[in-house]
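Morning, everyone. I have one structure to walk through today. Here it is on the screen.

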Amino acid sequence: MEDRIGQTVRSAPNGEPRVDAAPPRQLSLVLMDRTFSDGDIALLRHEVARLLPTVGVTGDRLSGYVLAVNEVITNVVLHAGGHGRIVLRLESGSVWCVVTDSGPGIPEECMDGDLLPGTDEIGGRGLWLAHQLCDEVTTATGPIGTSIGLRMDLGALS
């Protein structure tokens with residue numbers, strides 16, 4: 001049965017109809033899920049580099065993705081309180097790396113990932129590099145933290 005806006009309605013266990021708020025998520029395979037701090041950057045970089053070839057990511061795409069992950073976790077350590085969480089997973093034909101922190105958020109002037117910082121500026125290239133090296137970069141940021149997703153399409157590897 002469908003309601004007026006096309007959402008599926010089904011009976012709940014007690015017989016009352018219920019509208020599902022979101023479609024079911026596709027199953028994903030989690031390759032890594034851990035918290036990190038400043039002493040873990042090299043370890044995480046090596047772990048990502050070790051895991052990705054097992055799902056077919058090699059060569060320049062591997063090097064670029066590992067560099068993008070390194071830049072994002074380094075930003076967390078330098079600008080967002082020094083610790084965060086990294087989740088590396090396979091989902092819908094892509095590998096996703098999602099890095100979250102509980103820092104103050106990314107300043108608006110640093111959000112344009114397509115704009116290369118000037119040659120006289122120190123820093124500011126991490127997100128730009130991620131945008132250049134990944135098939136998709138998602139960013140959710142605010143005063144209670146930031147979440148950055150880095151996606152690489154596994155179909156583009158063949």
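Strands β4, residues 83-91, and β5, residues 94-101, run antiparallel and are joined by 8 bridges. Isoleucine 86 has valine 99 in β5 as its bridge partner.

Some ground rules. This is a predicted model, where local features need pLDDT of at least 70, side-chain atom pairs count only at pLDDT 80 or more, and totals for chains, interfaces and linings use all residues. Residues are numbered from 1 along each chain as its sequence is written, and side-chain values use heavy atoms, with hydrogens and water left out. Strands (E, at least two residues) and helices (H or I, at least four) are DSSP runs, numbered from the N terminus. Two strands pair if DSSP finds at least two bridges between them.

Now the whole sheet. It is open, with 5 strands in the order β3-β4-β5-β7-β6 and antiparallel pairing. β3 (28-37) and β6 (136-142) are at the edges with a single partner strand each, so one side of each has no neighbour in the sheet. From one strand to the next, the twist averages 10°.

Next, helix α1. Residues 41-51 form this helix, which lies across β3 and β4 and runs at about 165° to β3. Axes are lines fitted to C-alpha atoms, for helices over the stretch in contact, and angles run from 0 to 180 degrees between N-to-C directions. Which residues of α1 are buried? Ile41, Leu44, Val48 and Leu51. Buried means under 20% relative accessible area, with a 1.4 Å probe and protein chains only. Seen down the axis of α1, they fall within an arc of 100°, so they line one face of the helix. That arc is taken over the directions from the helix axis to the C-beta atoms. These buried residues pack against β3, α2 (59-79) and β4; contact here means heavy atoms within 4.5 Å.

On to the cysteines. How many disulfides does a search of the whole structure find? The count is 0. The cut-off is a pair of cysteine sulfur atoms within 2.5 Å. The sulfur of cysteine 97 is 8.6 Å from its closest cysteine sulfur, in cysteine 134, too far for a bond. Cysteine 97 is buried at 0% relative accessible area, and cysteine 134 is buried at 9%.

Last stop: threonine 146, in strand β7, residues 145-153. Threonine 146 counts as buried, at 7% relative accessibility. Leaving aside neighbours within four places in sequence, its contacts include Val99, Gly105 and Thr141.

That's my tour. Thanks.

Definitions and conventions:
Buried < 20%, exposed > 50% of the residue type's maximum accessible area, 1.4 Å probe, protein only.
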